[in-house]
Amino acid sequence: MRPYFLLGFNLTALTSCSALLCYLFINKGFSATLLSVGLISIALIGHLFTLFTRQQKQAEMVIRALANGDSTLGLSHYHPMRKQFDQVKEQMQTARFNAEQQAQFLQALLIHVDLAVLVSDDSGQVIESNPAVSKLLGKSFKHLTELGAVGELLLQADQNVRSTLHWQTGEQHDTLSIQLSIAEIQGKVRRVVSIQSIHDQLQLKEQQAYKRLTKVLTHEIANSITPLSSLAHTCTTLLPQELCFDDIEDKQDLQLALSTLASRTGHLGDFIARFRQISSLPKPNLAPYNLADILEQIVALHQQQAFSQGTTFELAIRSQQLVMLDNSQIEQVLVNLVKNALEVLAMDHQQNAQHSNKTPIIQFTLAQNSAQQLYIEISDNGPGIAEHVIDMIFVPFFTTKQQGSGIGLSLSRQIMLNHGGDLVYVQKPTGACFRCVFG
């Protein structure tokens, strides 16, 4: 309304000025020349003002057309502003297309990357997230406080943060690396959180460290044991029967010492040979197998032993999918786990037979977890594993058995890791539970 108001106002002013000049010419004796000059000046001023108003109106129409996406504008092809208008319109359309293309690219990238990304405002309300968040953490989030203590840390941080934490979804344990970046976009604070699992990388580093340690230990110990065993055998054979001692018991002690040394070095050599399997484990020869068939064979293999010691087997098969695996290696893992469970239950039954009527039970379960991974679970109703020991059960050499070597669980876990899976201990209210997860 403003341009029309100004136009009407100025037309009134010009008319008034013209009337004033005519009045002065008639009544005050103004010359015709001055009257003509005045009228012409007034006419030029009016014309210039009209042109200015028209240009202002056209500029307003151009801006409104650009804002509304109107491509007509009512200008002819020969209008001097038409070319500039088309150029501006084309540049704006190109910029808008590039921005939309970049936004679509970023959205597609976030969907396809495995890195979980959350974007929240300064209060912690989640604005954007990709599907990797629910895949990694087990669910989607609407607020950072749903991450628990980690969310509180991210909300209270006033600068970029990088941290690691343990995360559990149901019975699945994971180690996460979290990075927070704080940015100001269009005057608003945005918290960009990226989350990724480093569980596999940590396990790989751990296994590599065990392998290097194993190679060093087996090499050094074997080099020391071999000559000791040889010397002990040599001294035993070279000891003459007619050798006399002041005390006959001294000769017997010497013979016993040499035979004991030979025997123990021999046992230690066998132990090192078994332990060397961890560092020289061959790569799995993968082929498609049905885990249900393998599990049924393992149960049938140990059925007689379980029956002889009064242990009951319970088998639950909830999946019949094929898995790529090395049959002999996976059977070795399952045999180790069943053997351990039978030994623990037999010992517990002997110690508590007079005080308990509990029937020893080993449960075999084949199913899928929340991540759609197949797993075989072997659990028992025995005494379980002490909490302070759980963190050490997969460490080579560590054992709670008097005659154990500390190799079985470590070797079994290495086999599962080589298959892209894992062997984990699942804490339950009673008994021990080991789960073989297939990747």
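The model is predicted, with local features requiring pLDDT of at least 70 and side-chain atom pairs pLDDT 80 or more, while totals for chains, interfaces and linings use all residues. Residues are numbered from 1 along each chain as its sequence is written, and side-chain values use heavy atoms, without hydrogens and water.

The chain contains ten helices and twelve strands (DSSP runs numbered from the N terminus: H or I of at least four residues for helices, E of at least two for strands). Helix 8 comprises the 18 residues 291–308 and spans 26 Å from first to last C-alpha, close to the 26 Å expected at 1.5 Å a residue (1.5 Å times one less than the number of residues). A kink of about 45 degrees is centred on H302 in helix 8, the bend being the angle between axes fitted to the seven residues ending at a residue and the seven starting there. Just after helix 8, G310 adopts a positive phi of about 80 degrees.

H302 is also one of the buried residues of helix 8, together with L291, A292, I294, L295, I298, V299 and A306 (buried, under 20% relative accessible area; exposed, over 50%; partly exposed in between; 1.4 Å probe, protein chains only). The buried residues of this helix pack against strands 6 (287–290), 7 (312–317), 8 (322–325), 9 (361–368) and 10 (374–380), and against helix 9 (327–352), where contact means heavy atoms within 4.5 Å.

In helix 5 (residues 149–156), V150, G151, L154 and L155 are buried. Viewed down the axis of helix 5, these residues fall within an arc of 135 degrees and therefore line one face (the arc of directions from the helix axis to the C-beta atoms). A149 and Q156 are exposed on the other side of helix 5.

H419 is located in the loop between helix 10 (408–418) and strand 11 (422–425). H419 is buried, with a relative accessible area of 12%. Apart from neighbours within four places in sequence, H419 contacts P284, L286, M324, L325, D326, Q329, I330 and G439.

Of the 439 residues of the chain, 33% count as buried. Among contacts between residues at least 6 apart in sequence, 57% join residues at least 24 apart.
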